[in-house]
Amino acid sequence: MASLVSHEWLLRHLHDENTRILDCRFWLGDPAKGAAVYQEDHIPGAVYMDLERDLSGPVGEHGGRHPLPSAEQAADVFGRVGIDETVTVVAYDDQDGAMAARCWWLLRYFGHAHAYVLDGNYREWKKKGHPVTNVVPAVASRPFRPRPDRSWLATVEDVRAAVRDRSAVLIDSREWKRYAGLEEPIDRRAGRIPGAVHRFWKDGMTEGGYWKSAVEQAARFADFDRGQSLIVYCGSGVTACPNVLALREAGYYNVRLYVGSFSDWISYPDHPIETGDPSSDA
């Protein structure tokens, strides 16, 4: 698969000078836990990427709970961990690929073609008896030169257009209860962006954080035309990223991430929201 590498592949390339491993473990309810468990053990050579400090920009009035970092921030974050255009990056987590996929998407958006997600959680890596360490590697910085590729990104203006004239299919990646507005544990309003269809991101995964095959992913999205413009969102632009990756694995390339997602959408008081089960409409 074009955006995934297996545990076995990483094991073979563990000590390659131009392979950089990024540990993206992060728990939304306990932001300090990821860095703490990284200190306990991690894949040899891995450096830690914090979702909120490294893979998100500063929170403001708009932009959502995990905003898009600036090009300057990306240059600093990825450059200091030794990533330049020659480096192959493999990101992993213990969250079924959600955090690793956010890192993958950022690297791809900023023009780094050689970014991949590890197929299978860190727990699975350990369960197989693959090596782990508590040694934090000393990594020499390299010049990371961001080249933003807007074909990966949907702005709030793009989403407004999709709501207004159906110029793109909006795909909500959250759990059904949040999509339907039946509950909202995080954001201050419940519901979805009008017209959005539902594809729960975890339906693309199997036990252990392994990704379903390209054929199985294609079956999840079979009612979409490959030529359609697709905009994927979630609550804050994190768990939508696995759906972006899954769509691309399934052969859909006109796919953009609305980074601000629902938490950005509701930051504009005049934006409408929908609730309920759309299939029950008369």
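Buried area here is the accessible area (1.4 Å probe) that two parts lose on being put together, summed over both. The structure is a predicted model, so local features need pLDDT of at least 70 and side-chain atom pairs count only at pLDDT 80 or more, while totals for chains, interfaces and linings use all residues. Residues are numbered from 1 along each chain as its sequence is written, and side-chain values use heavy atoms, with hydrogens and water left out.

The protein chain splits into domain 1 (4–148) and domain 2 (151–266), with bounds that come from an automatic or database domain assignment. Taken over C-alpha atoms, the centres of domain 1 and domain 2 sit 22 Å apart. Their contact (heavy atoms within 4.5 Å) takes 28 residues from domain 1 and 28 residues from domain 2. About 2300 Å² is buried between domain 1 and domain 2, and carbon and sulfur atoms give 65% of that area. On the domain 1 side, the residues that lose the most area to domain 2 are Arg 65, Asp 96 and Trp 105, together 30% of what that side buries.

The UniProt record, an unreviewed entry, carries the annotation "domain: Rhodanese" over residues 15–134 and 164–274; UniProt positions are given in the numbering used here, feature names are shortened, and annotations may be inferred rather than shown by experiment. Helices (H or I, at least four residues) and strands (E, at least two) are DSSP runs, numbered from the N terminus. On that basis, residues 15–134 are 30% helix and 13% strand, with the end C-alpha atoms 16 Å apart. For residues 164–274 the figures are 25% helix and 16% strand, and the end C-alpha atoms are 14 Å apart.

Next comes the packing. A nonpolar core is a set of buried Ala, Val, Leu, Ile, Met, Phe, Trp, Tyr and Cys residues joined through side-chain atoms within 4.5 Å, where buried means under 20% relative accessible area, exposed over 50% and partly exposed in between (1.4 Å probe, protein chains only). The largest nonpolar core has 58 residues, of which Leu 22, Phe 78 and Trp 105 touch the most other members. Helix α4 (residues 98–109) gives the most to this core, with 10 residues. At least three residues come from each of domain 1 (4–148) and domain 2 (151–266). Leaving aside residues up to four places away in sequence, Trp 105 touches Leu 68, Trp 152, Leu 153, Cys 241, Val 244, Leu 257 and Val 259. Another core, of 17 residues, lies apart from it and includes Ala 154, Ala 162, Ala 168 and Ile 266.

Ile 231 belongs to strand β11 (residues 230–233) and is buried, with a relative accessible area of 0%. Among the residues it touches, not counting those up to four places away in sequence, are Ala 154, Val 159, Ala 162, Ala 168, Ile 171 and Tyr 258. Helix α6 has Val 156, Val 159, Ala 161, Ala 162 and Val 163 as its buried residues. These pack against β6 (153–154), β7, β11, β12 (255–258) and α10 (261–265).

In helix α2 (residues 33–40), the buried residues are Gly 34, Val 37 and Tyr 38. They lie on the same side of α2 because they cover an arc of only 110° around the axis, the arc being that of the directions from the helix axis to the C-beta atoms. Their cover includes β2 (19–23) and β3 (47–48). In the loop between β2 and α2 is Gly 29, which is exposed, with a relative accessible area of 80%. Gly 29 and Pro 194 are 165 residues apart in sequence, and 28 Å apart in space, C-alpha to C-alpha.

Finally, the backbone. Most residues other than glycine have a negative phi. Asp 96, although not a glycine, has a positive phi of about 55°. Asp 96 is in the loop between β4 (88–92) and α4, and counts as buried at 17% relative accessibility. Arg 166 is not a glycine either, and has a positive phi of about 55°. Its place is in the loop between α6 (156–165) and β7 (169–172), and at 53% relative accessibility Arg 166 counts as exposed.
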